[in-house]
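Please follow this protein chain from its strands to its helices, with the structure open beside the text.

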Amino acid sequence: MSRYLGPIDLSCPQPQDQRRRPLGYLSSAYTLRSQDFLSLATRREPFHKFLILFRVNFLTMLIKDVSVLQSGQLLESRDILIQENRIVKIDRDISAREEETINGRGKLAIPGLVNCHTHLAMTLLRGYADDMDLMPWLKEKIWPLEARLTPEDIYWGTKLGCLEQIRFGITCYNDMYYFMDETARATREMGLRAFLSGVVFDMRPELLNETEPFLRRWQGDELIHPTVGPHAVYTCSEETLLKAKELADRYNTLIHIHVSETREEVDGFNLTRGLSPIEYLDRLGIVNQRLIAVHGVWLTMKDAYLLAERKANMVDCTVSNLKLASGIAPLNYLLQAGVNVCLGTDGASSNNNLNLFEEMKVTAITQKNAYHTPAAFSADQIWRAATEGAYMAFKLNMGLKEGALADLALIDLRKPWLCPRSNLVSHLVYSMTGGVDTTIVNGRVLMKEGVIPGEEEILEKAQERFLHLVSS
Ligand SMILES: [Zn+2]
């Protein structure tokens with residue numbers, strides 16, 4: 001069984017390296033954890049390397065004097081103590097023997113955002129084809145280009161997407177695409193958490209056969225959670241969907257699928273089967289807690305109650321749906337029915353960025369207009385969907401609380417658009433412009449004060465891969 005170890009540097013660190021690399025950054029052997037240590041232990045590395053790793057097994061980080069957004073409530077002047085990959089304490093004036101201190105003065109700590117639906121490597125296709133109807137866009141532009149994608153394109157496209165997500169405070173994402181081992185490898189190197197599914201559809205039967213080996217390779221990984229990704233009910237036969245369900249059941253993982261995205265899809269399904277796509281999936285036993293259904297633009301009230309009853313999750317991608325003129329998801333009655341709603345950006349070729357703050361604002365103002373009242377969809381509701389809704393869908397112990405995963409971002413409040421400090425949840429949903437200041441995932445600093453190590457190379461390689469792709 002091959003297992004990518006990502007950023008782990010097996011060479012002995014040199015004194016010079018220790019000075020250059022701040023603690024907590026990726027690619028430093030000094031940030032290895034017990035789990036990494038166990039991985040290395042199975043690889044028969046020389047004993048002196050174990051000694052170095054053992055000594056530095058724990059990383060303690062202290063964020064000092066920061067404002068904390070905890071379940072929508074603002075706590076001023078707090079310290080956040082992180083040990084290994086967990087938040088262990090949030091209080092005033094914590095003293096600890098920390099290896100790394102981050103000055104949080106003038107900053108707001110928010111829990112990590114989860115991008116609940118994307119196709120990350122499609123960042124390479126950003127701006128390549130816009131302003132077209134969905135089916136001609138897919139058939140004439142996207143699918144022919146995707147047929148030429150190589151594993152190297154996926155690797156650099158994923159790294160580009162990770163860069164962008166780190167800049168927007170996204171600490172975890174849910175993806176469906178091709179060559180997922182490359183996506184997993186690139187994501188692990190970048191340090192993000194991810195739920196990854198190789199896309200499955202009938203036109204390429206080999207994709208279904210690749211699913212189980214992928215599940216086996218990555219099961220139990222600390223950051224990468226392999227899932228099952230049948231593309232949609234109109235691209236997968238009943239047999240394929242049942243096989244996908246069987247795999248998801250057997251590996252106790254999620255099913256990630258596009259559902260009821262366009263009116264054509266739903267009308268066609270009603271005509272041929274007399275059922276909505278959700279009713280059909282329910283007959284196959286797929287609508288349950290492990291379902292991550294995406295789009296849901298053309299859901300019926302009956303669909304909404306079915307999703308709620310089965311405790312299934314619905315990901316809204318308002319910006320992508322508006323850009324492709326697919327319609328507006330009926331979030332009001334989804335929430336009224338009690339469906340867990342969360343937010344995703346979709347791929348960068350239909351959005352065209354991975355900015356969840358923008359997604360929150362557009363979702364809120366679109367829903368207000370759809371229901372003809374500014375009282376619909378408050379900032380609090382949208383913020384909850386973007387955070388707690390996502391944590392529930394992916395069963396993540398996240399949030400700024402003791403015991404939660406140390407996945408968080410710091411926002412510099414000394415910006416004109418965040419001043420005055422009246423209602424910070426409102427600012428995050430309606431006023432946030434630009435990215436965050438610092439991003440931490442699994443107790444590791446991926447970006448500090450706007451600096452992401454290795455960013456330059458990724459931007460260059462992504463440009464190179466794009467030019468190669470469109471000229472090949
Ligand atoms: Zn999608």
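A residue is called buried here if 20 or more other C-beta atoms lie within 10 Å of its own, the C-beta atoms being placed from the backbone. By that criterion, five of the five residues of strand β10 (residues 255-259) are buried, so β10 is largely enclosed by the rest of the structure. The model is a predicted one, and what follows should be read as a description of that model.

In a regular strand the side chains alternate between the two faces of the sheet. In β10 both faces are covered, with Ile255, Ile257 and Val259 buried on one side and His256 and His258 buried on the other. The neighbour of β10 is strand β11 (residues 291-295), with which β10 pairs in the parallel sense over five bridges; within that pairing, His256 has Ile292 of β11 as its bridge partner.

Strand β12 (residues 313-316) and strand β13 (residues 340-343) pair in the parallel sense over four bridges, and Asn313 stands opposite Asn340 in β13.

Turning to the helices, 15 of the 17 residues of helix α5 (residues 151-167) are buried, so α5 is largely enclosed by the rest of the structure. After α5 comes Gly169, whose phi is positive, near 75°.

Two packed helices are described by the angle between their axes and the distance between the axes. For helix α7 (residues 206-218) and helix α8 (residues 238-250), that angle is about 5° and the axes are 11 Å apart. Because angles under 35 degrees count as roughly parallel, α7 and α8 are therefore roughly parallel to each other. Their contact brings Leu208, Thr211, Glu212 and Leu215 of α7 against Thr240, Lys243 and Leu247 of α8, and the residues of this contact divide into three nonpolar, two polar and two charged. An α-helix has 3.6 residues a turn, so residues three or four places apart point the same way.

These elements belong to a protein chain with 17 helices and 16 strands. Of its 472 residues, 51% count as buried, and among the contacts in the chain with a separation of 6 or more, 72% are between residues 24 or more positions apart.

How values were computed:
Residues are numbered from 1 along each chain as its sequence is written. This is a predicted model: local features need pLDDT of at least 70, side-chain atom pairs count only at pLDDT 80 or more; totals for chains, interfaces and linings use all residues. Axes are lines fitted to C-alpha atoms, for helices over the stretch in contact, and angles run from 0 to 180 degrees between N-to-C directions. Helices (H or I, at least four residues) and strands (E, at least two) are DSSP runs, numbered from the N terminus. Angles under 35 degrees count as roughly parallel, over 145 as roughly antiparallel, 65 to 115 as roughly perpendicular and the rest as oblique. Two residues are in contact if their C-beta atoms, placed from the backbone, lie within 7 Å. Ala, Val, Leu, Ile, Met, Phe, Trp, Tyr, Cys and Pro count as nonpolar, Asp, Glu, Lys and Arg as charged, and the others, Gly among them, as polar. A residue is buried if 20 or more other C-beta atoms lie within 10 Å of its own, exposed if 12 or fewer, and partly exposed in between; C-beta atoms are placed from the backbone. Two strands pair if DSSP finds at least two bridges between them.
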